[in-house]
Amino acid sequence: MTPAGWTIMICSVAAVTILFIWCLVRVLTHKPPPNLHGIDDIETGAGEKD
Amino acid sequence: MPGDESNSFCDKFYAGGKTFLAVKQAAVSGSPTKETWSSRLGVILAVAGSAVGLGNFLRFPGLASQYGSGAFMIAYFVSLVILGIPVCWAEWTLGRYAGQKGFRSSPGIFYALIKHPFGKYIGVLGVIIPVVIYMYYVYIESWCAAYGWGFLTGKLNLGSDVSAYGNYWANYVGASADGAALLPGHHAAILFLLIIFAINFFLIYRGLVQGIEFFCKYAMPALIVIALIILVRVLTLGTPDATKPEQNVLTGLGYMWNPGDWQTQLKNPQLWLAAAGQIFFSLSVGFGVIITYASYLSNKNDVVLSGLSASAANEFCEVALGGLITVPAAFMFLGAAGVVGQGTFGLGFKVLPLVLSHMPMPGLFGFLFFFLLFLAAITSSLSMLQPGIAFLEEGLGLNRKQSVSLLGLLTAIGCTFVVYFSKDLKALDTMDFWVGTVFIFIMATTIIIYFGWGLGIERGFEEAHRGAEMKIPSIFKFVMKYVCPAYLLTIFAMFIWFKVFGWDPDRKKFIPTSYVADLVGSDPNVVARVTILFLAITVIFFGLLTALAGKRWDKQSRDKKDLPAENISTSTKL
């Protein structure tokens with residue numbers, strides 16, 4: 001294992017691990033809305049500007 | 001009971017004295033099912049489960065070591081940032097956006113997005129791709145389960161000759177002749193296939209929350225824990241064979257991660273093609289799965305952080321787990337000669353069984369490794385069924401039992417086709433190339449171009465940021481509008497140039513690849529041609545179903561316009 005190999009391995013593994021843990025912490029520490037797709041969210045499309 | 005949600009939906013409104021509106025709304029939405037995700041972590045794990053598959057543990061390490069890890073990882077991370085994550089965000093956003101209009105299937109979603117009769121036919125790719133891939137993927141999944149069982153029962157201790165493992169696998173899948181897998185003596189392969197097939201459909205029948213979300217909530221953490229256990233085992237092997245001191249943990253890791261001449265390698269277009277392809281297929285973008293899953297979210301739910309989280313989970317499994325386990329382990333026992341030139345199946349079903357059988361406690365670690373692959377595969381195969389179920393329910397108005405039965409029949413026919421035409425796995429390989437590669441490129445390119453140019457990048461960002469818990473950096477407006485489509489189209493052109501027409505840069509001439517030569521060459525392959533015919537029939541069949549679904553949606557759209565104005569305004573306030 002060369003120094004360059006160590007560098008690439010550590011940088012690659014650390015980058016994806018830190019990103020994964022950061023996302024996990026953000027997701028688990030933020031409270032989502034009470035319902036993920038309630039009836040009141042359904043739109044008929046009326047009045048849409050499309 | 002799954003499939004009965006529409007009744008409870010109407011009942012709820014009836015109790016409020018608004019029966020008319022409720023029924024009208026259900027009709028307008030075009031979807032008889034009102035399924036939703038129960039938690040954000042659940043949907044993230046489901047999408048991550050869809051993305052994490054056999055490629056994370058078998059394909060990625062092989063490619064990285066083949067192309068010299070330094071240069072490959074640069075191209076890999078560049079592709080992740082300007083291709084994988086942007087397309088992922090676009091797909092999550094478009095799915096949720098169309099979901100607000102009541103559509104849950106890819107043809108329905110494109111019917112809502114592209115306000116043109118042809119739109120729904122673009123979307124049908126998002127059903128055909130996962131359904132066809134399921135036909136062969138579930139077979140591979142059953143191999144993983146069978147190999148895990150084989151290690152547990154000691155059946156896979158075949159000695160130290162890699163050819164013994166190669167013969168075992170070839171015999172197991174019936175690679176010697178078409179129909180060989182159905183002959184007496186192959187009952188185990190068929191039995192495992194039937195069991196795995198049934199488990200998939202049992203879970204999908206239970207629905208989005210009780211089936212997919214429930215299973216992924218346990219399977220994904222279990223997958224990561226098992227991978228970590230195997231990783232610790234591999235990294236503590238030291239020098240497994242004292243007579244070969246040059247084959248140890250450090251040289252194994254070095255084989256995987258030491259860079260070659262990275263400046264020269266980065267000039268190789270095939271390296272960029274391989275890196276982009278790996279990112280692209282690993283994240284499951286353009287499959288029709290993410291867009292379907294996201295359609296079950298409301299506009300209060302975040303898609304930016306969720307999309308990034310699912311991608312990050314996939315990358316962690318691929319780089320941090322897959323990159324440290326498979327190739328280093330194979331090198332430690334077999335040296336470079338045992339690893340070079342092994343494809344996904346060669347590494348997974350010939351080399352690794354030999355390696356695992358030589359580890360301490362081979363039964364336990366062999367079982368754990370193939371159980372890991374099985375979990376990675378089943379969380380992916382489950383996600384491949386949901387787009388088909390959503391389409392049959394929404395487009396044809398079928399209930400859950402009917403949609404599961406019909407999709408079960410269709411995939412069983414396709415799966416039988418793959419199992420029967422087993423010689424050299426030609427049918428499986430042909431399907432994987434044309435559907436699992438070409439169709440996905442087309443679908444993903446359509447998604448990113450629609451996001452940047454159809455919906456418009458400003459509106460796309462506005463939609464993405466509804467309920468978002470993090471902001472997409474503004475630079476991604478430029479990336480998603482210009483860089484990503486251009487990069488995708490370039491990669492697709494390179495793919496056609498190298499992988500279809502077969503440009504050989506050394507000989508400076510075209511040598512058509514087997515995928516083309518099998519169809520139109522001087523010595524065509526009958527099975528490859530029959531497979532293309534089968535795919536054509538599948539495309540026409542789903543095209544006809546989409547036409548029927550379109551008529552249904554058009555009628556519902558006309559009914560919607562018939563709603564009295566005062567009732568429409570009331571319904572939007574519900």
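Helix α10 (residues 187–205) of chain B and α18(B) have axes that come within 10 Å and cross at roughly 55°. Axes here are lines fitted to C-alpha atoms, for helices over the stretch in contact, with angles from 0 to 180 degrees between N-to-C directions.

B:Asn200, B:Leu203 and B:Ile204 of α10(B) meet B:Ile378, B:Ser381, B:Leu382, B:Leu385, B:Gln386 and B:Ile389 of α18(B), contact being C-beta atoms, placed from the backbone, within 7 Å. Six of these contact residues are nonpolar, three polar and none charged.

## Basis of the model

The model is predicted: local features need pLDDT of at least 70 and side-chain atom pairs pLDDT 80 or more, while totals for chains, interfaces and linings use all residues. Residues are numbered from 1 along each chain as its sequence is written, and chains are lettered from A and ligands numbered from 1 in the order in which they are written.

## Helix α18

In α18(B), 31 of the 35 residues are buried (20 or more other C-beta atoms within 10 Å of a residue's own). B:Gly397 follows α18(B) and has a positive phi, near 70°.

## Positive phi in loops

Most residues other than glycine have a negative phi. B:Ser284, not a glycine, has a positive phi of about 60°. B:Ser284 lies in the loop between α14 (269–282) and α15 (289–294) of chain B, and counts as buried with 30 C-beta neighbours inside 10 Å.

Definitions and conventions: Buried ≥ 20, exposed ≤ 12 C-beta atoms within 10 Å, placed from the backbone. Helix = DSSP H or I, 4+ residues; strand = E, 2+ residues; numbered from the N terminus. Contact = placed C-beta atoms within 7 Å. Nonpolar A, V, L, I, M, F, W, Y, C, P; charged D, E, K, R; others polar.
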